[in-house]
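This briefing concerns the model shown below.

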Amino acid sequence: MDDIILDVQNLKKYFPIRGGVFQHTVGYVKAVDGISFQLKRGETLGIVGESGCGKSTAGRTILRLHEITGGKVLFNGKDIAKLSKKELRKKRLEMQMVFQDPYSSLNPRMTVGQIIGEALIDHKLMDKNQAKEKVEEIMEVCGLPSYYINRYPHEFSGGQRQRIGIARALVLDPQFVICDEPVSALDVSIQSQIINLLGDLQKERNFSYIFISHDLSVVEYISNRVAVMYLGNIVELADKNEIFDNPLHPYTKALMSAIPVPDPTRKRERIILSGDLPSPSNPPSGCKFRTRCPMACDKCAKEAPEYRDIGGGHFVACHLV
Ligand code: SF4
């Protein structure tokens, strides 16, 4: 289908655990354990979940910053896993990432102009003068005065540094951008500026986002659809309004119950989950959420629930739904 830019099929990323004198593989951390979804052109898919649920690893594996353990990532119909290193380098121009920490993701020894224009020069897309023009243009688009081009990252505030990170990702005119917790290191007042900037740029340039965050209100604001991850799996995925108004999976219900209600006359019943996230190297049998689920039954320990479309593109993995 032409309007599908990204098709993720049963994607897995396992990290080996080594032990013993000979450092043999004694197990695996199953950080991403078979996730599937599609992303439309111009769409924003939010991925939410607790820290350690595998959402950032999923983002990095989709871009093959981590090698893929299993499954497929089709970008415009091409399987990313099958690309040679040279082909992948070229493909990456169309797929970019904005990182969480604007402080550590910028080289302190390079000027802003060098940081943003590096890929244009490295890939020989244009000469130095053209690259400078392009960098100045994208700086202005991202709300950074172009006369800052010769300044160094330490001369900028946190919000400005994240704008540099966004400009670096967008200077290549990508079709698809993964934003990995792009505002969680910023002050609340700056967060909304960056979120609005990302939204405006998407409208102008029609690219697709995967927006990874633990902050549900940010995800609700920016996403068209939302996927909820738990211990390496997507447990629920649906249209934004559907998932916020009608969450079906017990884990999604617990997450939603923690969002403050702005109306003081309304009260939402808070569902407190007991226990911590189990280890992805030794997940519970059957449904991975069963050790914390208030609705768990015998079947949940024996059988993993099927992740299925229950109608209208609302996917959920729970025996009781
Ligand atoms: Fe809870 Fe069972 Fe549903 Fe898992 S399958 S979410 S344990 S009710």
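Helix 1, residues 55–62, is mostly covered, with 6 of its 8 residues buried. Buried means under 20% relative accessible area, exposed over 50% and partly exposed in between, with a 1.4 Å probe and protein chains only. The model is predicted: local features need pLDDT of at least 70, side-chain atom pairs count only at pLDDT 80 or more, and totals for chains, interfaces and linings use all residues. Residues are numbered from 1 along each chain as its sequence is written, and side-chain values use heavy atoms, with hydrogens and water left out.

**Helix 1**
- The buried residues in helix 1 are Lys55, Thr57, Ala58, Gly59, Thr61 and Ile62.
- Arg64, with a positive phi near 60°, follows helix 1.
- Helices (H or I, at least four residues) and strands (E, at least two) are DSSP runs, numbered from the N terminus.

**Ligand site**
- There are 13 residues around the ligand, and Cys287, Cys293, Cys300, Cys318 and His319 come nearest; a residue is near a molecule if one of its heavy atoms lies within 4 Å of it.
- The shell around the ligand comprises 10 nonpolar, 2 polar and 1 charged residues.
- In this classification, Ala, Val, Leu, Ile, Met, Phe, Trp, Tyr, Cys and Pro count as nonpolar, Asp, Glu, Lys and Arg as charged, and the others, Gly among them, as polar.
- The ligand takes up the space of the largest cavity; a molecule sits in a cavity if more than half of its atoms lie within 2 Å of its grid points.

**Largest pocket**
- The largest pocket holds about 510 Å³ of space.
- Its lining has 24 residues, of which Gln96, Ala119, His123, Arg168 and Leu172 are closest to the centre.
- On a 1 Å grid over the protein atoms alone, a cavity is a set of points where a 1.4 Å probe fits but cannot get out, and a pocket is an open set with protein on both sides within 12 Å along at least five of seven lines; lining residues have an atom within 4 Å of a point.
- Grid points are joined across faces, edges and corners, and a volume is the space filled by probe spheres set on the points.
- Strand 6 (95–98), helix 3 (112–122) and helix 5 (158–170) each supply at least two lining residues, and helix 3 gives the most, with 5 residues.
- The lining of the largest pocket has 14 nonpolar, 5 polar and 5 charged residues.

**Second largest pocket**
- The second largest pocket has a volume of about 370 Å³.
- Among its 20 lining residues, Asp33, Asn233, Ile234, Pro305 and Ala317 are closest to the centre.
- Strand 2 gives the most to this lining, with 4 residues.
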